[in-house]
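Here are my notes, point by point, for you to check against the model. Have it open beside you as you read.

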Amino acid sequence: RGTTVALELTRRVRGLSARIAQATAMLPGWGVPIPGAASILVPVDPLEPGVAAAAERLLELAMTPSGDPGGDDGTDAEQPVLEVPTRYDGLDLGAVAEMTGLAPAAVIEAHAGTTYTTLFLGFVPGFGYLGPLPAPLVVARRPVPRTSVPAGSVAIAVAQTAVYPIASPGGWWLLGRTSLRLWDPGREPPALLQPGRRVRFVPETEPR
């Protein structure tokens, strides 16, 4: 909670979500489970299978002989790191430097020097919550969100970083921008990021 990103917990959540999906794929009344950072949303028909029966089945799936409620889906290690070319010229780079006590160049170095894990997707289509953010860069969200943040904006808030996949309101601090399309309805799947995908931001030195 708070400023803590528990990678082991999110890994176990993804593993359990995958097992639930596999076990219920052909059963009536079960929807596709949606993993979060520390929870799973499992849509079920309240009549068939019914909430009580679904809860009982989910408890069975969560408890393994080893006592590990989840398991490793292997995504982190098996997929290559997605490199996100980034121009670190964001509107909030100076403000983040002031809040953290770092020089702007040090903020960039810390942000780009970390390999992140996609914890889960949410907020808007294709928005991946990436973490954990290096401790020196952990800052609270902006006190007043912007009504519109451009697509491709690279931002941080609390213990996470992200790329805005579409233009939308947002309360994160903007460090830069990327031309990489994180959300494309004509692509399969449309979201470039999926839970467990590792991401690294690569500074661009030349103008586009």
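1. Asp184 counts as buried, though at 19% relative accessibility (buried is under 20% relative accessible area, exposed over 50%, partly exposed in between, with a 1.4 Å probe and protein chains only). Asp184 sits in the loop between β10 and β11, where strands are DSSP runs of E with at least two residues and helices runs of H or I with at least four, numbered from the N terminus. The Asp184 side chain reaches the backbone nitrogen of Gly186 at 3.0 Å.

2. A word on the source: this is a predicted model, with local features needing pLDDT of at least 70, side-chain atom pairs counting only at pLDDT 80 or more, and totals for chains, interfaces and linings using all residues. Residues are numbered from 1 along each chain as its sequence is written, and side-chain values use heavy atoms, with hydrogens and water left out.

3. On to the rings: a search of the whole structure turns up 8 aromatic pairs. Rings of Phe, Tyr and Trp (its six-membered ring) pair if their centres lie within 6.5 Å; planes under 30 degrees apart are stacked, over 60 edge-to-face, the rest tilted. One of the pairs is Tyr116 with Phe201, edge-to-face at 5.8 Å centre to centre and 70 degrees between the planes. Tyr116 is in strand β4 (residues 115-121) and Phe201 in strand β11 (residues 198-203), so this pair ties together parts 85 residues apart in sequence. Tyr116 is buried at 0% relative accessibility, and Phe201 is buried at 1%.

4. Tyr129 belongs to strand β5 (residues 128-131), while Trp172 is in the loop between β9 (168-170) and β10 (173-177), 43 residues apart. Both Tyr129 and Trp172 are buried. They also belong to one aromatic cluster with Phe120, Phe123, Phe127 and Tyr164.

5. Which residue lies over the face of Trp173? Arg142 does, at 5.2 Å from the ring centre (the criterion: NZ of Lys or CZ of Arg within 6 Å of the ring centre and within 35 degrees of the ring normal).

6. Please check the backbone at a few spots. Most residues other than glycine have a negative phi, and most peptide bonds are trans. Phe123, not a glycine, has a positive phi of about 75 degrees; Phe123 is in the loop between β4 and β5 and is partly exposed at 48% relative accessibility. Val158 is another non-glycine with a positive phi, about 55 degrees. Val158 is in the loop between β7 (153-157) and β8 (160-163), and is partly exposed with a relative accessible area of 26%.

7. Then the cis peptide bonds. The bond from Glu48 to Pro49 is cis, with omega near 20 degrees, and Pro49 lies in helix α2 (residues 46-62). The bond from Glu188 to Pro189 is cis as well, with omega near -5 degrees; Pro189 lies in the loop between β10 and β11.

8. Last, Ser39. Ser39 lies in the loop between β1 and β2 (40-41) and counts as partly exposed, at 46% relative accessibility.

Definitions and conventions:
A polar contact is a pair of N or O atoms within 3.5 Å; within protein, one must be able to donate a hydrogen and the other to accept it, and residues adjacent in sequence count only if both atoms are side-chain atoms.
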